[in-house]
2 protein chains.
Amino acid sequence: MSNTELSATIAKSIRDAIVEGRLAVDDRLPSESELAEQFEVGRSTVREALKRLAAQSLIRTERGAFGGAFVQRLSYADAQAQHVTTSTLLLSMNEVSFVTACQARFALERACVDLACAHRQAADLADMRAEITRQSQPDLSDEGFCASDVRLHRALVDSAQNPVLSYQLAGAVEAMQPLMNMITFSDRSRSEITRYHTMMVDAVEARQPPKVVRALECLEIYTLELGRGKILARKQTPAR
Amino acid sequence: MSNTELSATIAKSIRDAIVEGRLAVDDRLPSESELAEQFEVGRSTVREALKRLAAQSLIRTERGAFGGAFVQRLSYADAQAQHVTTSTLLLSMNEVSFVTACQARFALERACVDLACAHRQAADLADMRAEITRQSQPDLSDEGFCASDVRLHRALVDSAQNPVLSYQLAGAVEAMQPLMNMITFSDRSRSEITRYHTMMVDAVEARQPPKVVRALECLEIYTLELGRGKILARKQTPAR
DNA sequence: GACATTTAAATGTCAGACAATTAGAAATGT
DNA sequence: ACATTTCTAATTGTCTGACATTTAAATGTC
């Protein structure tokens with residue numbers, strides 16, 4: 001306790017006030033000088049605390065007269081961005097096997113199948129079909145293929161029309177992209193994947209959850225197969 | 001672009017270096033003074049940037065000679081803590097209906113059923129049964145009941161033996177707790193919930209995924225029913 | 001060789017200054 | 001009366017220099 005830095009303590013104090021609702025969205029915090037007085041610290045210490053909160057999208061700051069720090073409404077987009085960053089780093093900095101990550105990813109994705117079949121709109125289907133078309137272009141780079149893959153799965157998740165679910169799943173799916181980028185896709189594997197994608201979207205359109213699940217399972221098995229040969233020598237501690 | 005603060009730019013620059021692997025785990029960053037020179041800014045600006053990174057658990061700082069800022073390995077625990085905070089705030093600061101949140105939560109939880117049945121250990125079952133026993137104590141407070149509920153579901157998720165899945169799901173489940181805490185549990189509803197919990201654990205022990213799913217569905221329906229009457233007047237913007 | 005002391009490097013904190021930004025008030029012009 | 005410009009005050013952003021604190025390593029002492 002004695003070792004804790006003041007700026008961390010102050011950040012925690014303010015964060016608690018926000019989490020517990022004592023500070024509501026768009027409320028203005030006291031100015032930096034006032035906070036410095038209240039907490040009996042220097043202004044720079046307060047500023048470090050505020051930067052910590054800003055890094056978590058808990059506050060935003062505005063300059064000028066009547067500016068200051070305001071409690072920020074955490075948007076789905078911000079929350080998802082943070083989730084993606086965290087998940088990506090977690091995967092890249094720990095010895096996570098390709099199998100474990102893949103298993104988790106597809107298990108999670110299956111979570112949206114029932115709702116997707118129930119609530120999918122024409123626009124969702126169009127989005128997904130558009131990505132499948134893009135994936136069939138022969139001049140698409142590997143990165144482009146992976147990016148399109150992510151967008152397709154993202155569209156599947158969104159078709160459940162549940163923003164909370166989208167936030168959770170899209171984060172998980174996007175975090176897998178760097179791992180997928182390690183795989184080079186031959187013409188053959190591309191067409192195989194696209195075939196499963198088509199199966200999947202057809203089943204969503206037909207509102208047949210078990211068929212969607214089956215397509216996803218095919219994809220999972222095939223992805224694992226593609227990843228198997230791949231050297232899983234991860235790069236997180238390259239030398240020494 | 002012209003409006004971006006220097007400390008944010010510097011933080012982004014270092015964050016990119018970490019994400020792209022140019023800085024590996026436990027690498028030491030240059031000292032604050034050296035960074036200040038390199039980026040041609042004052043030391044306080046560098047410090048604000050470092051605090052932003054520290055808030056995301058991307059670095060840790062050590063004091064004293066040969067101290068400094070080190071790239072930190074993001075642990076599952078840290079990642080999950082961040083996920084819980086983010087998810088909780090997302091739910092508390094946006095107009096998310098109880099139904100939407102509940103739907104997402106149970107859809108996600110179903111994602112671990114197959115793996116849980118396949119890989120559950122005796123210890124997992126023991127953990128879950130222990131929580132059920134605790135929930136049957138009549139002198140347990142509502143908060144205690146909810147906390148035990150979270151631990152039970154957490155144990156279910158962990159029994160899949162997939163840390164990536166645990167991280168994702170545990171975050172989602174824990175984030176729902178504040179919403180659940182709004183419900184007061186009568187003796188009758190407690191015993192009803194405990195009954196479903198027992199069904200669920202029995203099915204996991206018997207390795208019968210469909211039965212687990214059915215128990216979870218019962219729980220979801222019953223939870224929704226309990227939440228329905230509840231005033232869903234959310235507190236995020238109490239008075240204007 | 002074991003223990004105590006000193007030293008140097010680094011972060012943590014503070015105070016004071018100034019620049020940049022911005023909304024609103026005041027002044028000015030028509 | 002209204003529009004435009006200028007001024008003003010509040011606030012964040014940045015820099016500088018100072019000092020306190022912490023810590024590992026170097027040095028000294030027995």
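How many residues does the contact take from chain B, and how many from chain A? Let me begin there, and please keep in mind throughout that what we are looking at is a predicted model. The contact takes 50 residues from chain A and 49 residues from chain B. Together the two chains bury about 4,600 Å² between them, and carbon and sulfur atoms give 64% of that area. On the side of chain B, B:Leu74, B:Leu90 and B:Met93 supply 13% of the area that this chain buries against chain A, which is more than any other three residues supply.

Let me turn to the polar side of the interface. Across the interface of chain B and chain A there are 16 residue pairs in polar contact, counting pairs in which both residues are at pLDDT 80 or more. If we ask which elements give two or more residues to the side of chain B that touches chain A, the answer is helices H1, H3, H4, H5, H6 and H9 of chain B. The largest share comes from H4(B), with ten residues. Sorted by class, that side of chain B has 26 nonpolar residues, 17 polar ones and six charged ones.

Next, the salt bridges. The whole structure holds 34 of them over all chains, and the count between chain B and chain A is four. In general, side chains of opposite charge can pair when their charged atoms come close. One pair to find on the screen is B:Glu48 with A:Arg47, where the closest N and O atoms are 2.8 Å apart. Another is A:Glu48 with B:Arg47, for which the closest N and O atoms are likewise 2.8 Å apart. Because A:Glu48 lies in helix H3 of chain A and B:Arg47 in helix H3 of chain B, this pair joins two chains.

Now a helix pair. Helix H9 of chain A, residues 163-175, packs against helix H5 of chain B, residues 98-109, at an angle of about 35 degrees, and their axes are 8 Å apart. From H9(A) come A:Pro163, A:Val164, A:Leu165, A:Gln168 and A:Leu169, and these meet B:Thr100, B:Ala104, B:Ala107 and B:Leu108 in H5(B). Seven of the residues in this contact are nonpolar, two are polar and none is charged.

Finally, a word on annotation. An unreviewed UniProt entry places the feature "domain: HTH gntR-type" at residues 4-74 of chain A. Over that stretch, the chain is 49% helix and 11% strand, with the end C-alpha atoms 27 Å apart.

How values were computed. Residues are numbered from 1 along each chain as its sequence is written. Chains are lettered from A and ligands numbered from 1 in the order in which they are written. This is a predicted model: local features need pLDDT of at least 70, side-chain atom pairs count only at pLDDT 80 or more; totals for chains, interfaces and linings use all residues. Side-chain values use heavy atoms; hydrogens and water are left out. Axes are lines fitted to C-alpha atoms, for helices over the stretch in contact, and angles run from 0 to 180 degrees between N-to-C directions. Helices (H or I, at least four residues) and strands (E, at least two) are DSSP runs, numbered from the N terminus. Contact means heavy atoms within 4.5 Å. Ala, Val, Leu, Ile, Met, Phe, Trp, Tyr, Cys and Pro count as nonpolar, Asp, Glu, Lys and Arg as charged, and the others, Gly among them, as polar. Buried area is the accessible area (1.4 Å probe) that two parts lose on being put together, summed over both. A salt bridge is a side-chain nitrogen of Lys or Arg within 4 Å of a carboxyl oxygen of Asp or Glu. A polar contact is a pair of N or O atoms within 3.5 Å; within protein, one must be able to donate a hydrogen and the other to accept it, and residues adjacent in sequence count only if both atoms are side-chain atoms. UniProt positions are given in the numbering used here, feature names are shortened, and annotations may be inferred rather than shown by experiment.
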